[in-house]
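Dear colleague,

Please find below the structure that I am handing over to you.

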Amino acid sequence: MPAPHVLDFVYVIVVLAGGVIAGFAPFVISDIFRPRTVNKKTMLTYECGMDPYGSAWDIRFGAAYYLYALIFLAFDVDILYLFPVAAAYDRVPGMQGVLELFLFVGILTMAIAYIWVKGVFTWAIKREEN
Amino acid sequence: MHPATEKLVTALSEQSIVLNECDYAERGYHFEIDLDAGRLREFAQCMLEQEMYLVFVGGLHVDPAIEIIYQFASYDRLCRLVLRVVVDSNNAIPTISDIYQGANWHERETRDFYGVIFIDHPNLVPLILAEEDVDLKPLLKNSDNIKESAAVRWVTVEEQPETDEKADTD
Amino acid sequence: MGDQERGKLGVHSYAAELQERLKRGEPGNLVVRDPGPLFQNKIADEIFNLCRANSLWPMTFGLACCAIEMMSLGMARFDISRFGSEVFRPSPRQSDLMIVAGTVNKKMASAVMTLYDQMPSPKWVIAMGNCAISGGPFAVEENYNVIEGVDKLIPVDVYVPGCPPRPEGLLEGILKLQEKISGVRHPFPQRKMSDAPSY
C-alpha cells in the first residue's frame with residue numbers, strides 16, 4: 001500500500017491521461033476512418049477560391065509595433081515582482097503588508113513613469129512620402 | 001438659364017463646338033454634342049474646368065463605326081450634357097482617364113465589350129470579363145442587327161390615337 | 001509586394017481547366033490521389049453515413065438571388081437546423097455541402113472549382129435554381145459569360161429547380177441529399193406541424 005500522497009498523484013495522472021485521450025481520440029479516430037481524397041487544389045493555403053500570389057515573407061509591418069512589446073514588458077515585470085509579495089503576504093501583520101506592497105509597486109511604477117516621460121511610449125507616426 | 005451654364009455655353013462656343021440644345025423634360029439632358037476624336041481631350045479639360053463631373057462612358061455599335069458616349073453633369077445646377085465621339089478606323093480613341101480619373105474603369109469596361117483601344121490608357125486590361133476573354137467583344141452586333149447611327153439617336157414617338165377626353169384637351 | 005508580384009494576378013490557374021471542362025460538358029476526373037480510408041467497415045460506414053446525413057454543414061456561399069432564399073432557409077421561419085444543417089461555415093475546409101445558390105459566371109467559375117477542391121471529402125453539391133442547373137434565363141445564343149449548368153464544372157448530387165426555388169424547395173433538396181447519403185429518407189423523424197404545440 002503506497003503512501004496516501006502518492007495515491008493523490010496517481011489520481012492527477014489518471015485525470016491528465018484522460019484529458020489527453022479525450023483531446024486526441026477524435027483526431028485519431030477520424031484519421032483512421034476518413035476518406036483521404038486529394039484534389040488538385042485541396043492543399044492550397046488560401047481559402048477564398050482565388051489564386052494566392054507573393055510570399056508570406058513579403059508582408060511588412062511598421063517597426064513601431066515594438067512599442068507593444070515595450071509596454072507589455074514594463075507592466076509584465078511589475079506584475080512579476082508581485083508574486084513573491086503574494087507568497088509572503090501572510091507573514092507580516094495587518095496594514096504593514098499593504099503599505100509595503102504599495103511602496104514597492106510605487107517604486108516599480110516610477111520606472112514606467114520615467115520611460116513615459118522620456119517619450120518611449122510616444123507612437124511614432126509614419127508619414128507617407130510620395 | 002443658370003449663369004454657370006451660360007458660362008459653359010460661351011466657353012464651348014469659343015472653341016467652336018456646336019451644342020444642340022434639347023428638351024430636358026423629353027430627353028433627360030440639356031445639350032447634345034458630336035465631336036471629332038481629336039478634340040476629345042481638349043473638350044474633357046474644358047468640362048473639368050467648368051466643374052462638370054463624368055457620369056459614364058459607354059459604347060454603341062452602329063453602322064459606320066462604334067460611337068463612344070460620354071455624359072457629363074453638374075452637382076451645383078441642373079445641367080446634363082451628352083457627348084458622342086466616333087472611333088477612328090483603328091477602333092481607337094484618346095483616353096480621358098488622366099483628366100477624369102473616374103473614366104479609367106469605364107474605358108476598361110468599354111474595351112472589354114467593344115474592343116475599343118483607348119490611346120495612352122495606363123492599364124487597359126480586362127476589368128469585367130474573365131482574363132482569358134481578352135478578345136471576346138461580346139456587345140458587338142452582327143451584320144443583321146446593326147443599325148444606322150441616325151436611326152438609334154432619338155426616335156420621336158408617334159402621336160397615339162388618344163381617348164376623347166385627352167383629345168379635347170389637346 | 002512589388003509590381004512584379006502583382007503581375008502574377010493574371011489569368012486564374014484554373015482557366016485552362018475550366019475551358020476544357022466546358023468543352024467536354026462534364027466535370028471529368030478531379031481527384032489527384034485517393035488512397036481510400038485506412039480502415040473500412042460496412043457497419044462503420046453505415047453509422048458514419050447516418051451521422052453525415054444528419055449534420056450536413058453547408059458553405060456560406062451565395063452567388064446570386066437564390067442566396068436570399070438560402071438565408072431565409074437558415075432563419076427561424078424555415079429553420080434548416082431542424083435537419084442538422086444550420087452551421088453555415090465560412091471556410092471550405094469545415095464544410096461538406098456546397099449549395100451553388102445562383103448564377104455561375106465565367107469569372108467566378110474558377111473560384112467555384114477551387115472551393116470545391118478545397119472541401120474535404122466526403123462532399124456533396126446541391127445546384128439551386130435554374131441558373132445553376134442549366135443557365136436558366138441566361139441560356140441564350142448571345143450568352144457570353146454565364147456557365148450553363150454548374151454540373152459542367154463540378155459533380156452535382158441534387159438539383160433544386162425554381163427561379164428562385166422556395167426555401168421549402170431547398171429543404172426538400174437537402175432531405176433528398178440525406179436520403180442519398182444514408183439510404184433513409186428523414187433519418188431522424190421530425191414532429192409533424194399538426195402535432196406541434198401552439199404558443
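Two strands are said to pair if DSSP finds at least two bridges between them. Helices (H or I, at least four residues) and strands (E, at least two) are DSSP runs, numbered from the N terminus.

The model is a predicted one: local features need pLDDT of at least 70 and side-chain atom pairs count only at pLDDT 80 or more, while totals for chains, interfaces and linings use all residues. Residues are numbered from 1 along each chain as its sequence is written, and chains are lettered from A and ligands numbered from 1 in the order in which they are written.

Chain B

In chain B, strand S3 (residues 53-61) and strand S4 (residues 66-73) run antiparallel and are joined by 8 bridges. Tyr53(B) has Ala73(B) in S4(B) as its bridge partner.

Contacts between chains

Two residues are in contact if their C-beta atoms, placed from the backbone, lie within 7 Å. Of the 2 pairs of chains in contact, chains A and C share the most contacts. No contact joins chain A and chain B, and their closest C-alpha atoms lie 13 Å apart.

Between chains A and C, 29 residues of chain C are in contact with 19 residues of chain A. On the side of chain C that touches chain A, strand S1 (31-33), helix H3 (42-54) and helix H5 (106-118) of chain C each supply at least two residues. H5(C) gives the most to this side, with 6 residues. The residues of this side of chain C divide into 16 nonpolar, 7 polar and 6 charged. In these classes, Ala, Val, Leu, Ile, Met, Phe, Trp, Tyr, Cys and Pro count as nonpolar, Asp, Glu, Lys and Arg as charged, and the others, Gly among them, as polar.

Strand pairing also links these two chains: strand S1 (residues 38-39) of chain A and S1(C) run antiparallel and are joined by 2 bridges. Val38(A) stands opposite Arg33(C) in S1(C).

Chain C

An open sheet of 3 strands, with parallel pairing, has the order S2-S3-S4 in chain C. Its edge strands are S2 (97-101) and S4 (158-160), each of which pairs on one side only. Neighbouring strands of this sheet are turned by 20° against each other on average, direction ignored. S2(C) pairs in the parallel sense with strand S3 (residues 124-128) of chain C over 5 bridges, and Leu97(C) has Trp124(C) in S3(C) as its bridge partner.

Axes are lines fitted to C-alpha atoms, for helices over the stretch in contact, and angles run from 0 to 180 degrees between N-to-C directions. Helix H7 (residues 167-182) of chain C lies across S3 and S4 of chain C, at about 170° to S4(C). H3(C) and H7(C) pack at an angle of about 170°, with their axes 8 Å apart. These two helices, H3(C) and H7(C), are therefore roughly antiparallel to each other, a term for angles over 145 degrees. Their contact is made by Asn49(C), Leu50(C), Arg52(C) and Ala53(C) of H3(C) and by Gln178(C), Ile181(C) and Ser182(C) of H7(C). By class, the contact of H3(C) with H7(C) has 3 nonpolar, 3 polar and 1 charged residues.

With kind regards

Terms used:
Parallel < 35°, antiparallel > 145°, perpendicular 65-115°, else oblique.
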